[in-house]
2 protein chains.
Amino acid sequence: MEEHKHVTIYDIAKKLNLATSTISRALKDHHSISDKTIKKVKQTAKEMGFVPNTLAAGLRGNKSKTIGILIPTVTQPFLSSLISGIEIAARKSEYSVIIMQSHDSYDVEVNLAKSLYSNRVSGVICSLAMETKDTSHFKQFSNNNIPLVFVDRVPRDYDTFRVVINNHLAGYKATKHLIEQGCKRIAHLTAGSEFGTLYNERKRGYIDALIEHDLPIDEDLIISLKHMTYEEGVKACNHLFNLKEAPDGLFAPGDILAVSAVQTAKKRGIKVPEDFAVIGFNNDPISEIIEPNISTITHPAEKMGKAAAELIIKNLKSVKDEEDDAKEITFLNTQVLIRESSSRKI
Amino acid sequence: MEEHKHVTIYDIAKKLNLATSTISRALKDHHSISDKTIKKVKQTAKEMGFVPNTLAAGLRGNKSKTIGILIPTVTQPFLSSLISGIEIAARKSEYSVIIMQSHDSYDVEVNLAKSLYSNRVSGVICSLAMETKDTSHFKQFSNNNIPLVFVDRVPRDYDTFRVVINNHLAGYKATKHLIEQGCKRIAHLTAGSEFGTLYNERKRGYIDALIEHDLPIDEDLIISLKHMTYEEGVKACNHLFNLKEAPDGLFAPGDILAVSAVQTAKKRGIKVPEDFAVIGFNNDPISEIIEPNISTITHPAEKMGKAAAELIIKNLKSVKDEEDDAKEITFLNTQVLIRESSSRKI
DNA sequence: ATGAGAATCGCAATCGGTTGTGCTAAAATA
DNA sequence: TATTTTAGCACAACCGATTGCGATTCTCAT
């Protein structure tokens with residue numbers, strides 16, 4: 001197999017009898033290069049099939065026009081949509097995207113963070129692993145002016161960019177909706193001992209809604225899960241239905257859990273939404289296909305990804321404009337989508 | 001903000017009064033370095049917080065320990081699972097994964113291929129865009145000994161690695177299953193004017209099964225879609241149900257289409273599977289959650305991703321072992337999962 | 001025509017590992 | 001003791017683009 005040698009700016013320089021510096025500048029429309037030189041350089045660059053070597057540029061500038069994504073997994077609808085949003089926004093500014101999965105493991109996350117740093121990514125977008133209770137492995141980015149954005153599962157105490165929704169408000173709205181449908185004993189699933197704020201906030205919203213409507217808070221109706229999976233959802237729901245005083249509603253902080261609840265209820269002959277109203281979270285594709293389709297809270301995954309990527313890129317451009325108020329939390333709106341699983345015809 | 005300077009092998013060398021070459025070799029257990037030197041170097045490297053600069057290494061060796069993924073989108077269950085498999089296998093060998101979405105556009109795919117090349121990826125894994133009818137933009141990889149693996153949506157005529165299932169056999173098995181359930185008029189959805197082989201193969205399997213069982217091939221029952229979406233599925237199914245002689249079964253080459261078929265049927269009062277049996281493809285999560293849950297063909301996405309990544313990594317290691325029979329098509333097994341949407345109690 | 005200033009372009013260092021080659025000292029063999 | 005090996009490490013070129021600074025050429029105005 002023949003070894004095609006890569007075409008470099010040196011080759012172009014030699015062919016045109018110019019200095020490599022001129023080539024380099026011409027290729028990026030530097031003002032100190034004449035228009036005709038620029039045109040000539042670009043022309044022959046194309047003819048020779050020149051493709052810039054990102055690595056060389058990255059080494060020199062100590063950055064790689066690459067955004068690192070560090071998330072639990074890529075297979076959850078919310079996260080794959082997030083990735084999509086990031087990728088689209090990044091590409092628009094000619095950034096590449098490199099992806100790593102923590103699988104919700106703290107140790108893995110620590111390793112991958114180092115690997116991202118090793119790759120000299122220009123910025124990092126992260127949604128924390130379930131296990132993570134300490135974020136010191138992100139200091140290497142902060143310490144080196146590598147913009148860091150946490151999305152969705154954000155740490156409680158790290159002073160950096162965040163892109164989140166108002167989880168408290170969302171939890172409140174979801175619960176209030178159920179109350180308005182006549183539910184008196186609303187159950188809630190949440191994450192056990194969480195370091196981040198996401199599920200805690202939703203739970204707070206749930207509790208505040210109950211309080212506001214003079215409903216009692218029954219700890220028996222609040223179940224902590226280790227993982228947000230279908231199986232754990234089924235287990236929790238069966239537990240709930242076996243209570244002496246079973247719930248008549250459920251706010252699940254994820255659509256998969258809502259699906260498991262609806263199906264577990266049906267299996268036991270419990271009518272949804274008449275006997276048991278359910279609202280989920282995220283507006284996953286499945287929520288509107290399942291029967292009954294599931295009320296949920298919208299979660300603008302792609303928009304959040306776009307916002308996160310743009311935060312990084314903007315911050316990278318304006319190195320000198322110290323003015324722009326960094327470290328800012330971005331809130332985005334969410335809506336209650338009322339569908340069959342919670343609309344009682346009262 | 002303080003500018004932490006990166007620790008380099010030069011810093012380590014200075015501190016230990018050794019040459020940088022010794023540090024470099026020691027860090028990767030080169031045989032020409034004594035054990036105690038290795039130990040000492042690794043020790044102080046850790047103490048000083050040394051993190052290797054991937055870009056520098058990549059520039060020197062003209063490769064980046066990175067695998068590029070070029071696929072239509074990351075939000076389809078099959079593709080996100082594929083990514084997951086690739087990422088896991090890649091990480092095991094300390095490769096990173098960089099992802100790009102063609103959004104089924106040929107022009108975008110061409111651009112992204114160039115970008116991957118510019119990033120000096122070690123290898124490329126690609127599932128072709130729907131639009132793509134020409135693969136000359138992949139020659140840059142082949143010409144430079146960058147391993148290229150096509151997965152699932154593979155080109156018809158490119159001599160390189162492939163990871164696919166036996167689509168003909170799968171289509172045959174799916175159709176045969178419907179026939180065995182008593183279906184006489186089985187419809188089929190497929191992709192219009194496809195350059196690749198995927199949907200054509202499934203269709204061939206469908207036709208061969210019909211022929212083998214002496215069933216007529218009715219072109220009215222075969223509909224070409226432009227995109228494999230829920231909406232197009234609904235449209236196509238409504239068309240089918242409006243035929244004078246409506247079908248009594250459907251082989252859909254994707255679970256989303258199967259879902260759309262089942263729901264369209266239900267909406268029209270057509271009983272599934274009694275009046276209309278359906279089998280999908282891929283075993284997407286939704287297929288077993290929907291009611292009735294949907295018979296389907298398994299498609300081992302993660303395993304295929306793993307296989308593709310391993311193909312690349314193995315091929316990269318053995319540069320000299322010209323022996324290993326490259327350019328080999330990997331076939332993987334698939335199964336018919338019989339669920340409610342197609343099991344008639346005959 | 002000539003000097004000031006602007007417009008262009010070249011030189012060479014630099015980023016941080018990698019690796020072929022060569023040198024030196026210690027270990028092995030004669 | 002003399003000589004051949006071998007282990008252990010140092011030198012320096014190299015990958016390809018970037019960029020500060022200096023040098024040269026060109027443009028007008030005087």
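Helices are DSSP runs (H or I) of at least four residues, numbered from the N terminus. All views show a predicted model.

**View 1. Protein surface near DNA strand D.** Helix 2 of chain A provides the largest share of this surface, with four residues. At least two residues each also come from other elements, including helix 1 (9-16) and helix 4 (54-61) of chain A, and helix 2 (20-27) and helix 4 (54-61) of chain B. In total, 26 residues surround DNA strand D, the closest being A:Ile9, A:Arg60, B:Ala19, B:Thr22 and B:Thr37. The surface comprises ten nonpolar, eleven polar and five charged residues.

**View 2. Polar side-chain atoms at DNA strand D.** A:Ser24 places a polar side-chain atom 2.9 Å from a phosphate oxygen of DNA strand D. B:Arg25 instead has a polar side-chain atom 3.2 Å from a base nitrogen of DNA strand D.

**View 3. Interface between chain A and chain B.** Contacts link 51 residues of chain A with 51 residues of chain B. About 4,700 Å² is buried between the two chains, and carbon and sulfur atoms give 53% of this area. A:His6, A:Leu55 and A:Ile289 supply 15% of what chain A buries against chain B, more than any other three residues.

**View 4. Salt bridge between A:Lys266 and B:Glu291.** The closest N and O atoms of this pair are 2.4 Å apart. Two salt bridges are counted between chain A and chain B.

Methods: Residues numbered from 1 in each chain as written. Chains lettered and ligands numbered in written order. Predicted model: local features only at pLDDT ≥ 70, side-chain atom pairs only at ≥ 80, totals over all residues. Heavy atoms only, no water. Near = heavy atom within 4 Å. Polar contact = N/O pair within 3.5 Å; in protein donor to acceptor, adjacent residues only side chain to side chain. Nonpolar A, V, L, I, M, F, W, Y, C, P; charged D, E, K, R; others polar. Contact = heavy atoms within 4.5 Å. Buried area = accessible area lost by both parts, 1.4 Å probe. Salt bridge = Lys/Arg side-chain N within 4 Å of Asp/Glu carboxyl O.
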